[in-house]
Amino acid sequence: NDELAVLVADNRLAELSSVDLNELEKIASEWKSADFDTILAGFEPADLEGLLNPGGDDDDEDDDDRHDKELDKSDVTVAVGLYRFRISQDEFIAWCDRVKQDAGFDKDSVIILMPIVCREDLTVINGIGRLEMLAEKGAAFAPVVFVTDEEAEFARAMMNLLSMDFDIHTRYAYMLRFNSFRRARRVRRELGNGFIFATHGAKPCKDFDIGKAADRARWVKEHGTTILDFGAGHLTETFLLRQAGIDCTPFEPYRLAPGGISKAESVELTRAFLAEVAAGKEWTSIFIASVLNSVPFREDREHIACLCAALCKPFTKVYACASSAGESGWRQVNGKAFMNESNAGNIAFRLDYEPGIRIGDFQDKPKVQKYHTVSEFKDLFGTFFRSVKVDDFSNNINAACTAARPVDPARLRAAIGFEFDLPYPDGTRMDLVQCAMDAFSQRLQITL
């Protein structure tokens, strides 16, 4: 349930990280000098000693010594303000049960309710997610441990100064790329904002119907009748446009099937797309809709912009749409949007390898989301187009690009090498680089 999801996600950081023991030893030395209670940082003295000195002198202990240590570990230290005392495990568990009942949680729903750690001025040092959940449940109180300013700084040292092995973006780059596919829960029944912002503005998507003559006429006047859907997802827009008598070519490297990503269908779609590239098809508009917010790395997004620019004729327009930094998903991980019942089950965290990055979907297939700013969109597309108009509305950054710059063969080769050799969950690659090189070479009448 939602409560358990919050607590599980709150502790996944520990599973995805490791401690830099050298840095920990330096901080532990500072603790000793300051006579700091390591319990407030989450370490029992014996546990800290064991972490820094694995093995220790256990072989020299007799059974009574081991038994005494086991009794010590079975106790729980409770800190209330500047006062600390020990209680038994049974007493602690009974206290947790009372807290859970008072907070309104079912007894079996939550394994343990950790206290909120605050400064004396009520600044939360740790546990903001737990505090929000308790508030949503209407709890009358929350267990709080107050720490001094000095102790709070040590706590921050534990959270920030220790080198945490959390370099997901380098260790799991392949996984983040193939997990960028559009989720099944994101299926629409109408054209998405990325396809209608130029003609429909900030009005709801459901109010625009490409099947109606008036809406279709406005749309065709702006976009023409020969469309490339770059990153077509579930092909919703492709089918809707075709039903309206508009020629639409889909390109989707991660086609989702009932059992997950279908490489066979993805390759089939890509080959059909490359055939039209080679044939010199003249697209009036190219759409990159709800794609760039799922592409995990800046260089990958640049490759996509480069490919789309290379496909443009002098009259072709490129329209791009992605989530903005004002969207609730980004504000939530920055503590500026309340965690409610609807979003508590999809816990996400910020990553710092690039601004505006969060990672979520831990319970299934971890996926990165990039939240853009106007300046980032201008920088991204300004490299490849002379005219770039960018707007920020409806929690989206929207760009309309015209007048593609001349093709840089070296940059295009790099983009093709990336996009047409993407990884798949089974460990294979798309392996269509040479096919793509030939198609673009034929289209542009250059040798790549």
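Trainee: In which sense do β6 and β7 pair, parallel or antiparallel?

Mentor: Strands of a sheet pair through backbone hydrogen bonds, either parallel or antiparallel. In this predicted model, strands (E, at least two residues) and helices (H or I, at least four residues) are DSSP runs, numbered from the N terminus. Two strands count as paired if DSSP finds at least two bridges between them. For β6 and β7 there are 5 bridges, and their sense is parallel.

Trainee: Before I go on, which pLDDT do local features need in a predicted model?

Mentor: Residues are numbered from 1 along each chain as its sequence is written, and side-chain values use heavy atoms, with hydrogens and water left out. Totals for chains, interfaces and linings use all residues, side-chain atom pairs count only at pLDDT 80 or more, and local features need a pLDDT of at least 70.

Trainee: OK, what's the overall count: how many helices and strands does the protein have, and what share of its residues is buried?

Mentor: The protein has 18 helices and 16 strands. Buried means under 20% relative accessible area, exposed is over 50%, and partly exposed is in between (1.4 Å probe, protein chains only). Of the 448 residues, the buried share is 46%.

Trainee: Back to β6: how many of its residues are buried?

Mentor: In a regular strand the side chains alternate between the two faces of the sheet. Here Thr226, Leu228 and Phe230 point one way, while Ile227 and Asp229 point the other, and all are buried. Thus the count for β6 is 5 of 5.

Trainee: What covers the buried residues of α12?

Mentor: The helix spans residues 236-243, and Thr236, Glu237, Thr238, Leu240 and Leu241 in it are buried. What covers them includes α10 (193-200), α11 (213-223), β6 (226-230) and β7 (247-251).

Trainee: What about Leu122, buried or exposed?

Mentor: Leu122 is in the loop between β3 (116-119) and β4 (124-126). Phi is positive for Leu122 too, near 75°. Because its relative accessible area is 59%, Leu122 is exposed.

Trainee: How far apart are the C-alpha atoms of His223 and Val318?

Mentor: His223 is in helix α11 and counts as buried, at 1% relative accessibility. Contact means heavy atoms within 4.5 Å, and among the residues that His223 touches are Phe195, Thr284, Phe287 and Tyr319. His223 and Val318 are 95 residues apart along the chain, yet their C-alpha atoms are separated by 9.4 Å.

Trainee: At what angle do α17 and α18 pack?

Mentor: Axes are lines fitted to C-alpha atoms, for helices over the stretch in contact, and angles run from 0 to 180 degrees between N-to-C directions. α17 (409-419) and α18 (433-444) have their axes 9 Å apart, at an angle of about 140°.

Trainee: Which residues of α18 make the contact with α17?

Mentor: α17 brings Leu412, Arg413, Ile416 and Gly417. From α18 come Val433, Ala436, Met437, Phe440 and Leu444.

Trainee: Last one: which turn residue between β15 and β16 has a positive phi?

Mentor: β15 (385-393) and β16 (396-404) are antiparallel, with 8 bridges, and Val388 has Cys401 as its bridge partner. They form a hairpin with 2 residues between them, and the one with a positive phi of about 55° is Ser394.

Notes
Lists of a residue's contacts leave out its neighbours within four places in sequence.
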